[in-house]
Amino acid sequence: MSLQADNNARVVDQKVTLEMQGSLAVIRIDNPPVNAGSIAVRAGLIDALEKVANSRATGAIMIGEGRSFIAGSDLKEFGLPLTSPQLPDVIRAVELSPFPVVAALHGVALGGGLELALGCDYRLATPATRVGLPEVSLGMVPGAGGTQRLPRLVGLSRAIAMICGSQRITAQEALSAGLVDKVVQGDLLEAAIAFLSDAAHPKRLTIELPVPDENREAVESAEQTAGKRGRFRHNVLEAIRLVKASATQPAANALDDERATFQSLRVSPDAFALRYLFFAERKAGVIEGVDKSLALPVSSVAIIGGGTMGQGIAKALLAAGLDVQLVERDSDARDVAVQSVTSSYQGLVRKGRLKNSEASQRLERLRGEVGLDGLGSCDLVIEAVFEDMGVKKQLLKELEAVVSDKTILATNTSYLDINEMVADLRQPASVIGLHFFSPADLMKLLEVVRTASTSDTTLATGVALARRLGKQAVVSEVAEGFIGNRIYAAYRGRAELLVLDGAMPDQVDSAARDFGFAMGPFEVSDMSGLDIAWAMRKRKAASRDPAARYVTIPDRLCEMGRLGRKTGKGWYDYSEGTQTPDPLVNALIEEIRADNRIVAQSYDAETIQRQLMAAIVNEAACLLDEGVAQRASDVDVTLANGYGFPRFRGGPLYWGSLEESSRLEQDLKALEAAVGHAYRAGPVEQVLGAMKTEAGS
Ligand code: COA
């Protein structure tokens, strides 16, 4: 189709449209929902640029339809051979255009979207725009010039931090850094037209700009921080190497190097696992058979209980712009709770992590209250009181009497049976479980628990709230420990048996860390405190199967007052300020082994890792069999977002689906032998088989 350079001539491609506004070409990207840069988009852009080049245009504007400029290259294409034209071809076409091209950014410009914008001569952005190169968090490096053009605009150390940390920065930050040329209020397209009509904006290739000189120490420090944060994964180190090459290598060579590195990393095991997790996380927010538009609006929330958990939940809600009442039983407790939230914001302001104005705005939306009388107008009430069935049951009853018919009631419990908790209520359909993880303002995961009576509207509201809070929702049915804690209990149980049978705690922890867990199971216990699990074991002592193997070591540690970090001692000794294995604990372990007539076996790190994984995979299969989780990938999302499971492994079931079946079978047999009488085999083969089939389809 030919283009006449007169007003409003319009060429329509499938995903890209072109229109002339005077002598300026407006190229629109239209690939809902997020304008992912697919092959159709790339081909459309090349086509449009060719048409403009053959016209009398004096400039071009690239702009996105809908919510965003471009949310990145289409991740669905990344596991397959990439079809041409590829993104570097599009950017080359932009650079070869005889006129300046402006990228007009709104919503997000991420990954390939930002790389395309960096290939343009200028970048304008609306105030709400966010930009970033998240490829490293997906196991890759930017592959279309991001590592070469970004440092030319923002400097080496900033580029290393942004790329390796997969940072998404605001338009204002991008302006200060030199990444965008102007933040525009009002109509973006009009502003871009005005910008290009100004003769002061001639053609200017980013790739031809010099990399700004920078102090060597600053670059080395950025490099070290990025390497450490990225746990020195191969792709992180490659990203650092490539950014630094921008200052030392001819641009053409460095771009080729970047592309070759990207091409090999995009099909690496890490990248496959992280892409799987990306789509799994989005799927986890979908409730099978429930229309998400049923969600009720939530703007005011009351939290009953201003302890650590209640305060954390309050901070999560305040950060999302909600009005919060923090309710305590007396004025002293109320004042302590409100003061504690206030101090925490003051601390963030002092450290430069929160603007003073933002802290003030949040505190204006926080009210401390005593008693339940003022809750009539709340959209949602979350109880975060002591983990006790009687206390929670009574509280929910009292709440039901004071809130409006439309109010949703949520219980923040980690273990209790919510079906039992709501049994005596008039409106159990309005009750949901919201299992926050501590610290609730920082942890990403939120288990949204559906009871036997929860209505679709209540459930949809819970999931929508998680999204509003920027949290990862996973829907669980009522079950002991829901999804996450139940699997974690099986994992910790296996770790304790390994210690009883011959491994030492630091050996198990180090094997878990080497596998990629953020911390080992005993380090986690010491950090969260051994007394919580102890209290639960005592509660359940009467119903415990006497024939099941039971590891008494943690009980003995608690009896010795070793409750973890908070008492300076637990599985480890912290009295010198560092975590040190304690000969006393080793002696206790040996004593208990002798009491149980156990001859210590020796375990290598791989056996420990495979046994821990077998315990997780088996428990996950059991709970999927019971219908506790909606789908296998939800288990992976839960473990990766709430339990320090290494993201680059995709999740435990994804990991299992890649393992050789016969080897996994052996692991499961060894697990069964170790657990003994209480072992319950889950349908592992069936669950993993279904995942393999899905991955292949
Ligand atoms: N490629 C393919 N699909 C993508 C995508 C991409 N780069 N980015 C988002 N999508 C899809 C999602 O899978 C989802 O599909 P679904 O509706 O079938 O589940 C849909 O777009 C909407 O995404 P979602 O994340 O649910 O919407 P949101 O409004 O919460 O967030 C973004 C939008 C763009 C902020 C978010 O999707 C995002 O951060 N995407 C990642 C972008 C990225 O990493 N790009 C770099 C790639 S190298």
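Which residues is Val635 in contact with, leaving aside its neighbours within four places in sequence? I looked that up before anything else. Val635 touches Ile483, Ile487, Ala620, Leu623, Leu624, Ala629, Pro652 and Leu653, where contact means heavy atoms within 4.5 Å.

Ground rules for these notes: this is a predicted model, where local features need pLDDT of at least 70 and side-chain atom pairs count only at pLDDT 80 or more, while totals for chains, interfaces and linings use all residues. Residues are numbered from 1 along each chain as its sequence is written, and side-chain values use heavy atoms, with hydrogens and water left out.

**Cores**

I went on to the largest nonpolar core, which has 73 residues. The term covers buried Ala, Val, Leu, Ile, Met, Phe, Trp, Tyr and Cys residues joined through side-chain atoms within 4.5 Å; buried is under 20% relative accessible area, exposed over 50%, partly exposed in between, with a 1.4 Å probe and protein chains only. Val635 turns up again here: with Val508, Ile553 and Leu653, it touches the most other members. Helix α24 (residues 605-625) gives this core its largest share, eleven residues. Helices here are DSSP runs of H or I with at least four residues, strands are E runs of at least two, and both are numbered from the N terminus. I also noted another core lying apart from that one, with 70 residues, including Val101, Leu116, Ile240 and Leu265.

**Aromatics**

I find 14 aromatic pairs in the structure. To pair, rings of Phe, Tyr and Trp (its six-membered ring) need centres within 6.5 Å; planes under 30 degrees apart are stacked, over 60 edge-to-face, the rest tilted. Phe437 and Tyr643 are edge-to-face, 5.5 Å centre to centre with 80° between the planes. They are 206 residues apart, Phe437 in the loop between β16 (431-436) and β17 (445-450) and Tyr643 in the loop between α25 (632-642) and α26 (652-658). Both Phe437 and Tyr643 are buried.

Phe522 and Trp571 come out as tilted because their planes meet at 55°, with the ring centres 4.3 Å apart. This pair also links distant parts of the chain: Phe522 is in helix α20 (residues 521-528), and Trp571, 49 residues away, is in the loop between α22 (553-559) and β19 (572-573). Phe522 is buried at 1% relative accessible area, and Trp571 is buried at 2%.

Elsewhere, Arg233 lies over the face of Phe648, 3.5 Å from the ring centre. The test for a charge over a ring is NZ of Lys or CZ of Arg within 6 Å of the ring centre and within 35 degrees of the ring normal.

**β11 and its sheet**

Where does β11 sit in its sheet? The order is β13-β12-β11-β14-β15-β16-β17-β18, an open sheet of eight strands with mixed pairing. Strands pair if DSSP finds at least two bridges between them. The edges are β13 (366-370) and β18 (472-477), each pairing on one side only.

β11 (residues 300-304) runs parallel to β12 (residues 323-328), joined by five bridges, and Ala302 has Gln325 as its bridge partner in β12. β11 is also parallel to β14 (residues 380-383), with four bridges, and there Ile303 stands opposite Ile382. In a regular strand the side chains alternate between the two faces of the sheet. In β11, Ser300, Ala302 and Ile304 point one way, Val301 and Ile303 the other, and all are buried.

**The three-strand sheet**

I then looked at an open sheet ordered β6-β8-β9, also with mixed pairing. β6 (108-110) and β9 (168-170) each have a single partner strand, so one side of each lacks a neighbour in the sheet. β6 pairs in the parallel sense with β8 (residues 130-132) over three bridges, and Val108 has Arg130 as its bridge partner.

I checked how covered α4 (residues 146-154) is: nine of its nine residues are buried, so it is largely enclosed by the rest of the structure. Gly155 follows α4, with a positive phi near 90°. In helix α5 (residues 156-164) I picked out Ser157, which counts as buried at 16% relative accessibility. Leaving aside neighbours within four places in sequence, Ser157 is in contact with Glu214, Ala218, Val219 and Ala222.
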